[in-house]
Amino acid sequence: MDLGSYLSGYADGEGCFCITFNRSKRHALGWDIRPSFSVSQNRDRAQILEMFMGSFGCGTIRPDRSDKTLKYEVRSVPDLIAHVIPHFRKYPLLSSKREDFEVFADVCRMIGGGEHLTAAGFDRIREIASTINKAGKKKYPRV
């Protein structure tokens with residue numbers, strides 16, 4: 001098995017494609033939209049996080065205070081578009097997490113194209129993002 005397939009398999013079980021909305025006075029519509037890809041692991045297995053960072057060539061590894069693990073995370077939309085999304089296109093996820101990835105990729109593409117800067121585009125992104133992790137308790141804002 002090659003590293004790309006291994007990383008996708010690992011992310012299929014332990015990875016997260018997330019889109020968060022944060023109130024922001026700096027943004028014209030009052031909200032900041034932040035897509036991120038992350039993988040967490042115990043400190044004694046940090047080498048897998050280093051493999052992700054080395055393979056993608058971007059992101060950070062930091063302590064996750066919520067559960068005392070380490071987290072590899074990519075939050076930069078240009079890095080997500082240039083590195084993370086192409087990886088998962090080349091080495092597809094095999095579980096239902098692939099559906100979350102497709103929504104995530106669409107949202108990143110929309111943000112990359114500036115669609116989040118209009119009320120109509122923001123509402124489309126909000127609607128699409130609400131389909132990720134349907135069991136979650138997140139509420140998605142309206143503008």
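A residue counts as buried when its relative accessible area is under 20%. Keep that cut-off in mind while reading this predicted model.

C18 has a relative accessibility of 18%, so C18 counts as buried. C108 is at 0% relative accessibility and therefore counts as buried too. The cysteine sulfur nearest to C18 belongs to C16, 5.0 Å away. A disulfide needs the two sulfur atoms within 2.5 Å, so C18 is in no disulfide. For C108, the nearest cysteine sulfur is that of C18, at 11 Å, and C108 is in no disulfide.

Now turn to the interior. In soluble globular proteins, nonpolar side chains tend to be buried together. Here the largest nonpolar core holds 37 residues. I19, F21, F37, F52, F56, Y72 and F88 touch the most other members. Several elements give two or more residues to this core, among them α1 (3–14), β1 (15–23), β2 (31–41) and α2 (47–56). Helix α4 (97–112) is also on that list. The most comes from α4, with eight residues.

Take F52 as a closer look. Leaving aside neighbours within four places in sequence, F52 is in contact with L7, Y10 and A11, and also with F37, V39, G57 and Y72.

Finally, follow the chain into a hairpin. Strand β3 covers residues 60–64 and runs antiparallel to β4. Five bridges join the two. T60 stands opposite E73 in β4. Four residues lie between the strands of this hairpin. In the turn, K68 has a positive phi of about 60 degrees.

Methods
Residues are numbered from 1 along each chain as its sequence is written. This is a predicted model: local features need pLDDT of at least 70, side-chain atom pairs count only at pLDDT 80 or more; totals for chains, interfaces and linings use all residues. Side-chain values use heavy atoms; hydrogens and water are left out. Buried means under 20% relative accessible area, exposed over 50%, partly exposed in between (1.4 Å probe, protein chains only). A nonpolar core is a set of buried Ala, Val, Leu, Ile, Met, Phe, Trp, Tyr and Cys residues joined through side-chain atoms within 4.5 Å. Contact means heavy atoms within 4.5 Å. Two strands pair if DSSP finds at least two bridges between them.
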